[in-house]
Amino acid sequence: MSTTSPLPDSLEKPLARSLLVLRLGVFIVMLMWTLDKFVNPAHTGKVLNGFYGIDWLSNNLSYIIGAVELLLILAFVTGLWRRWTYGSILLLHSLSTFSPYKQYMDPFNHLLFFTAWPMLAACLALYWLRAWDNLCTFPQQGKNK
């Protein structure tokens, strides 16, 4: 992704700092959900069964999913392959935001589900602004930024 116009100097540093803070915030949430797959694999099975209808998840498969997810979020937090890692995080979080749609129909008994929406907005902002998210990241090369 190439930028069509350069950022004003007065915006470059605050934007980079803001994107770093968003990336770290999203990473922390995703890290806790990932660690849960290792610490409490039965919980992963309950979540996948309850919201996605997947009732065949074993503990070993939870560990494998957790390992793949850990690699993804580590690549994400370091800014590697931004188009793909930021897009994957956006997709994963979109699924987890939209799948509990029934809880949104009874909002005052499920208020915590609404915390997914600001994080979804952060994931989308990071994806859209990934070319300018360059603080504490690996340098990007080529068109797939």
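Helix H6 buries Ala116, Met119, Leu120, Ala122, Cys123 and Leu126; buried means under 20% relative accessible area, exposed over 50%, partly exposed in between (1.4 Å probe, protein chains only). These residues cover an arc of only 160 degrees around the axis, which puts them on the same side of H6. The arc is that of the directions from the helix axis to the C-beta atoms. This is a predicted model: local features need pLDDT of at least 70, side-chain atom pairs count only at pLDDT 80 or more, and totals for chains, interfaces and linings use all residues. Residues are numbered from 1 along each chain as its sequence is written, and side-chain values use heavy atoms, with hydrogens and water left out.

**Helix H6**
- H6 has 13 residues and reaches 18 Å from its first C-alpha to its last, close to the 18 Å expected at 1.5 Å a residue. The expected span is 1.5 Å times one less than the number of residues.
- Helices (H or I, at least four residues) and strands (E, at least two) are DSSP runs, numbered from the N terminus.
- Pro118 and Trp128 are exposed on the other side of H6.
- The cover over the buried residues of H6 includes H1, H3, H4 and helix H5 (101-104).
- An α-helix has 3.6 residues a turn, so residues three or four places apart point the same way.

**Nonpolar core**
- The largest nonpolar core has 17 residues. Such a core is a set of buried Ala, Val, Leu, Ile, Met, Phe, Trp, Tyr and Cys residues joined through side-chain atoms within 4.5 Å.
- Val26, Met30, Phe76, Ile89, Cys123 and Leu126 touch the most other members.
- At least two core residues come from each of helix H1 (9-39), helix H3 (59-77), helix H4 (82-98) and helix H6 (116-128).
- Met30 is in contact (heavy atoms within 4.5 Å) with Glu69, Ile73, Ile89, Leu92 and Met119, leaving aside its neighbours within four places in sequence.

**Helix H3**
- H3 has 19 residues and reaches 26 Å from first C-alpha to last, close to the 27 Å expected at 1.5 Å a residue.
- Its buried residues are Ser62, Gly66, Glu69, Leu72, Ile73, Ala75, Phe76 and Val77.
- H1, helix H2 (41-52), H4 and H6 are among the elements that cover them.
- Just after H3, Gly79 takes a positive phi of about 80 degrees.

- Lys37 lies in helix H1 and counts as buried at 11% relative accessibility.
- The side chains of Lys37 and Glu69 make a polar contact of 3.3 Å. A polar contact is a pair of N or O atoms within 3.5 Å; within protein, one must be able to donate a hydrogen and the other to accept it, and residues adjacent in sequence count only if both atoms are side-chain atoms.
- Thr85, in helix H4, is buried with a relative accessible area of 5%.
- The Thr85 side chain reaches the backbone oxygen of Leu80 at 2.7 Å.
- Not counting residues up to four places away in sequence, Thr85 touches Leu72, Ala75, Phe76 and Leu80.

**Cysteines**
- The structure holds 0 disulfides; a disulfide is a pair of cysteine sulfur atoms within 2.5 Å.
- The sulfur of Cys136 is 19 Å from the closest cysteine sulfur, in Cys123, too far for a bond.
- Cys123 is buried at 3% relative accessible area, whereas Cys136 is exposed at 58%.
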